[in-house]
Structure formats: structure tokens, C-alpha cells
Amino acid sequence: MTRRFLFVLGSSRSEGNTELLARRAAEQLPADVEQQWISLAEHPLPDFVDLRHDDDHLRPTEGEAALLLDATLAATDIVIASPLYWYSVSGHTKRYLDYWSGWLRTPGIDFRATMAGRTLWGVTALSDAEPVVADPLVGTLNNSAAYLRMRFGGVLLGNGSKPGDVLDDTEALTRAKSFFATEAPLARFPTP
């Protein structure tokens, strides 16, 4: 399968630090790798309704949920580009991941089997000097990938608060140059 990257932008700010860092990393991808960029602020999902125990799961055929489902299913690599908001992913990003719960039960797509073996990546900007504060965000993405038997490429961390600050983070920009170049391992749940 030809690699196809879906960049899911979870910021409420266009061209924020997280997006700038993700775009720097994406510049390093080979020219034949298809990229699709979807801003969750520009394509907001409605509130997620948990219908796990109901029988009326239907595949969305229009609107934002259909756009995101189709893009997710078509991608070999999904990049969650979410700024660090209160130590985890943004609300937009969390809602997108909540929709994965519904897609697990949508007839005809076999979401879990389809996602198995594909790769989940993360990109985030934080304004703290200690990267450990992003551990809950990293855990959310790793555990989501592990549950779906996906590969997890890790999270590219950058530092920045004001718009454009991340472009001064030379270490993050250096890491961005090779971030997508490694073979991502299968995600594993942390063990005690």
C-alpha cells in the first residue's frame, strides 16, 4: 500500500506552533507520499453521542464525520497535531478520538482490523520547559494506537507559546527533519 499521511490539526488557531512544527516534519516526506490536511476547527465534529449499546450504528455519508472517517480509513499514517491543552490533547482532538469509539461499531468498515498495522504519530507544542508535562498526551496517543494494534511513531515535541515561537526551537526543528523517517514499532500498553 502506498503511504498516505493524514494530518489532523487539533488546534483552534490556524498556523499555530503545532501546525508549523507538523508542516516542517511533513516537508521531509518523499514527494510521492500523499498528504491530506484536515483542520478540526474548520471541520468541527458534533458532540459525540455514545451509542455503544444501541443497534443503530450507521456509516456517516455526509458532513464532517463522513469526511474524517473516509480520510482516516484511507490513511496509512495518521498524524495527530494537537497543542498541549491542560496536559493532554485539545478538545477538538479528543472529540475526533471519541468518534473512533463509534466507528469501532459501525457495520461494514471493521475499523479495528482496518487500523491494525497502520501508524499513529503525534506532534505537539507546549510552553513548558519540561517535556514530561506532555506525558498524558503521549499516553493518550500510545494507548489509542495499542488498543487498535497500530504502530506508534511517538510524539514530536516543540516548545512555543506565542505564534511562531516553535520556529526558534532548533532542537525540535532538527528532530522534525527525521521524525517520519523511522519505522514505528507496534504500540504497547505500558506495563508496571
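At 19% relative accessibility, Ser88 counts as buried, where buried means under 20% relative accessible area, exposed over 50% and partly exposed in between (1.4 Å probe, protein chains only). Ser88 lies in the loop between β3 and α3. The structure is a predicted model, in which local features need pLDDT of at least 70 and side-chain atom pairs count only at pLDDT 80 or more, while totals for chains, interfaces and linings use all residues. Residues are numbered from 1 along each chain as its sequence is written, and side-chain values use heavy atoms, with hydrogens and water left out. Helices (H or I, at least four residues) and strands (E, at least two) are DSSP runs, numbered from the N terminus.

**The loop between β3 and α3**

- Apart from neighbours within four places in sequence, Ser88 is in contact (heavy atoms within 4.5 Å) with Pro83, Pro136, Leu137 and Thr140.
- Trp86 also lies in the loop between β3 and α3, and at 79% relative accessibility it counts as exposed.
- Tyr85, Trp86 and Tyr87 form a nonpolar patch on the surface, with about 430 Å² of accessible area together.
- Patches are made of residues with over 30% relative accessible area and no salt bridge; like charges are joined within 9 Å, and nonpolar side chains (Val, Leu, Ile, Met, Phe, Trp, Tyr) within 5 Å.
- Accessible areas come from the Shrake-Rupley method with a 1.4 Å probe, and for residues only the protein chains shown count as cover.

- Helix α1 (residues 17-26) is largely enclosed by the rest of the structure, because seven of its ten residues are buried.
- The buried residues of α1 are Asn17, Thr18, Glu19, Leu21, Ala22, Ala25 and Ala26; they pack against β1 (4-9), β2 (34-39), β3 (77-81), β4 (119-126), β5 (151-159) and α6 (170-178).
- The twelve residues of helix α2 (residues 63-74) should span 16 Å at 1.5 Å a residue, which agrees with the 17 Å between its end C-alpha atoms; the expected span is 1.5 Å times one less than the number of residues.
- In α2, Ala65, Ala66, Leu68, Leu69, Ala71, Thr72 and Leu73 are buried, and their cover includes β1, β2, β3, α3 (91-103) and α4 (111-115).

**Aromatic pairs**

- The structure holds 14 aromatic pairs, counted when ring centres of Phe, Tyr and Trp (its six-membered ring) lie within 6.5 Å; planes under 30 degrees apart count as stacked, over 60 as edge-to-face and the rest as tilted.
- Trp121 and Phe180 form an edge-to-face pair, 5.0 Å centre to centre with 85 degrees between the planes.
- Trp121 lies in strand β4 and Phe180 in the segment after α6, so this pair ties together parts that are 59 residues apart in sequence.

**Salt bridges**

- There are seven salt bridges, each a side-chain nitrogen of Lys or Arg within 4 Å of a carboxyl oxygen of Asp or Glu.
- Arg3 and Asp77 meet in a salt bridge (2.9 Å, N to O), linking the segment before β1 to strand β3 across 74 residues; Arg3 is partly exposed at 34%, whereas Asp77 is buried at 2%.
- Arg95 forms a salt bridge with Asp47, the closest N and O atoms being 2.6 Å apart; Arg95 lies in helix α3 and Asp47 in the loop between β2 and α2, so the pair ties together parts 48 residues apart in sequence.
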